[in-house]
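Reader: I am new to this structure. Please take a close look at one part of it, and then set its surroundings beside it.

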Amino acid sequence: MLGLMQDRPLLISQIIDFAAAAYPEVEIVSRTVEGPIHRYGYRDAHKRAKKLAEALQGLGIKLGDRVGTIAWNSYRHFELYFGISGIGAVLHTLNPRLAPEHVAYIANHAEDQIIFVDLNLLPIVEGVWENLKTVKHVVVMTDRAHMPASSKIPKLLCYEELIADKPGTLKWPVFDERTASSLCYTSGTTGNPKGVLYSHRSTVIHSMMMCSGPVLAMTPDTTILPVVPMFHANAWGLVYAGPICGAKLVFPGFKLDGASIYELLDKEQVTLSAGVPTVWLALLDYCAQNKLKMSSVKRSLIGGSAVPIAMIERFWKEHQVEVAQGWGMTEMSPLGTLTRFNRGERDLPDTERFAITAKQGRPVFGVEMKIVDDAGQDLPLDGSVSGNMVVRGPWIVSGYMKGEGKSQFGADDWFQTGDVCKIESDGSVVITDRSKDVIKSGGEWISSIDLENAAMGCPGVAEAAVIGVPHPKWDERPLLIVVRRPEAEVSKADVLKFLDGKIAKWWMPDDVQFIDAIPHGATGKILKTALRKQFEGYKLPAA
Ligand code: ADP
């Protein structure tokens, strides 16, 4: 017997319609590429998203067409999120930090028809222009006064001119909720970038879960600053969750240094921030050097890479900001797990709470998760063993764009994440490593994440990365690579002494090497492939 409830499709356009009606004056504040701060309410954003949708239709964009963006977090990018998906076209967010050949590969693979680009990112499109096969128009996201005088791209269009004379009265079309809404490519740290094609249904369900109490518990009193870029997994869904909850949105544009982020946090009285660990490291240091305190922030959502326990402690002790660690993937929209204190745990002493936050969190409703061995057999979920993590759920990828990466998709919808983890009996997930980064020593696994996390607590260490290097007897042994804090004189002996007693004896790195900077990929993660290359041929002292 089927239920007798209405089968109305879940569509992204409903989010902006609702926000405009329910929270017309709630602000979206943006630091613009042109310079000044821009602010308006959801009502204005809604109108402009519709004007944009009308302009897109005028340029011939139809249901299913891909429209690319290369842009920072800002109000115009926000309008594109709703204007493009609202008419059933596919918002394709490209990462401006990717190598040019990847940008061209992705735009061609997606068959983008139009590319919208921020003024200071235009050189990226100009650099690959000759190699773009499907792009018919390039729109610069600015007004006429700021348009470049010349460009190698013929007939550049201007965003403000494009929408100026449109009425903004369009009625959003209604279509199947499984229609593709947006497209984001994985960053290619594991081979060619692969396209993850979200649907309206998956996006709306994921966004509602982001809003929920055990996840972000946002309300109209929340002011959120997503440092996580809108070109990375839809800014973790915050661009949709914010308007659903009536939260004020603060977009930082392209200035992501400690001083610029601090200024916005303070001036706009931000209560919730979200981003990858590297951004917060810079902010914490800036605050410490200038004796500043984050006065309004209550919670910081950190994910994308493991959060060092030293960072969790600093946020709390220096700013009374609670860290929530999230684990997820582009392929999961991206929410998988998040720090969640179960009943009574919030009252635990600091050190015990920090230990809970240092794990990757517990799965949210909607994400099923288990670990399997290399033969695909289920492993126990009692924290006793690590295994390959597989997941399934309504906002998890069922296949990559154009059928790539088939081997990652198993029976019964189980998607192979490529991560190795333990799942404890209370549901807590502890990521050991990406399967290709785990260090295999004497038949056992050493977690590079655990070692990095421990080393980051050592005074004088700014950043740490661990890679496995060949060893004649043990197969692989860990090499610890460290960037010193400015003016710190920390030595190999200091670091090893600090680690003594904090990690298993046989995990002790065989060597510590100091370098000036650790390479990061386009989404802020440590680029282990580049580090391995840098240390190719390196021989451990004892090997
Ligand atoms: P990519 O495009 O590089 O795959 P994603 O952001 O999708 O970019 O990366 C997802 C991966 O990032 C996960 O599979 C996991 O390895 C890593 N990751 C994300 N969050 C965490 C976390 N909190 N702790 C440890 N690793 C994390």
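Author: Apart from neighbours within four places in sequence, M401 is in contact (heavy atoms within 4.5 Å) with R66, H109, A110, L183, Y185, G195 and L197. This is a predicted model, in which local features need pLDDT of at least 70 and side-chain atom pairs count only at pLDDT 80 or more, while totals for chains, interfaces and linings use all residues. Residues are numbered from 1 along each chain as its sequence is written, and side-chain values use heavy atoms, with hydrogens and water left out.

M401 sits in the loop that joins β18 (387-392) to β19 (415-423); helices (H or I, at least four residues) and strands (E, at least two) are DSSP runs, numbered from the N terminus. M401 counts as buried because its relative accessibility is 9%, and buried means under 20% relative accessible area, with exposed over 50% and partly exposed in between (1.4 Å probe, protein chains only). F514 lies 113 residues from M401 along the chain, and 41 Å separates their C-alpha atoms.

Two cysteines are buried as well. C245 has 8% relative accessibility, so it counts as buried, and C287 counts as buried because its value is 1%. The structure has zero disulfides (pairs of cysteine sulfur atoms within 2.5 Å). C245 is thus listed in no disulfide, with the sulfur of C211, the nearest cysteine sulfur, 3.2 Å away.

Next comes the ligand. Around it are 17 residues, of which S187, G326, T330, D419 and R434 come nearest; a residue is counted as near if one of its heavy atoms lies within 4 Å. Strand β14 (residues 322-328) gives the most to this shell, four residues. By class, the shell has three nonpolar, eleven polar and three charged residues. Here Ala, Val, Leu, Ile, Met, Phe, Trp, Tyr, Cys and Pro are nonpolar, Asp, Glu, Lys and Arg are charged, and the others, Gly among them, are polar.

Some distances can be given atom by atom. An N or O atom in the side chain of H232 is 3.0 Å from an oxygen atom of the ligand. A polar backbone atom of G304 is 3.1 Å from a ligand nitrogen atom, and a polar side-chain atom of Q360 is 3.0 Å from a nitrogen atom of the ligand. Taken alone, the ligand exposes 570 Å², and the protein buries 95% of that; accessible areas come from the Shrake-Rupley method with a 1.4 Å probe, and for residues only the protein chains shown count as cover.

Key:
Polar contact = N/O pair within 3.5 Å; in protein donor to acceptor, adjacent residues only side chain to side chain.
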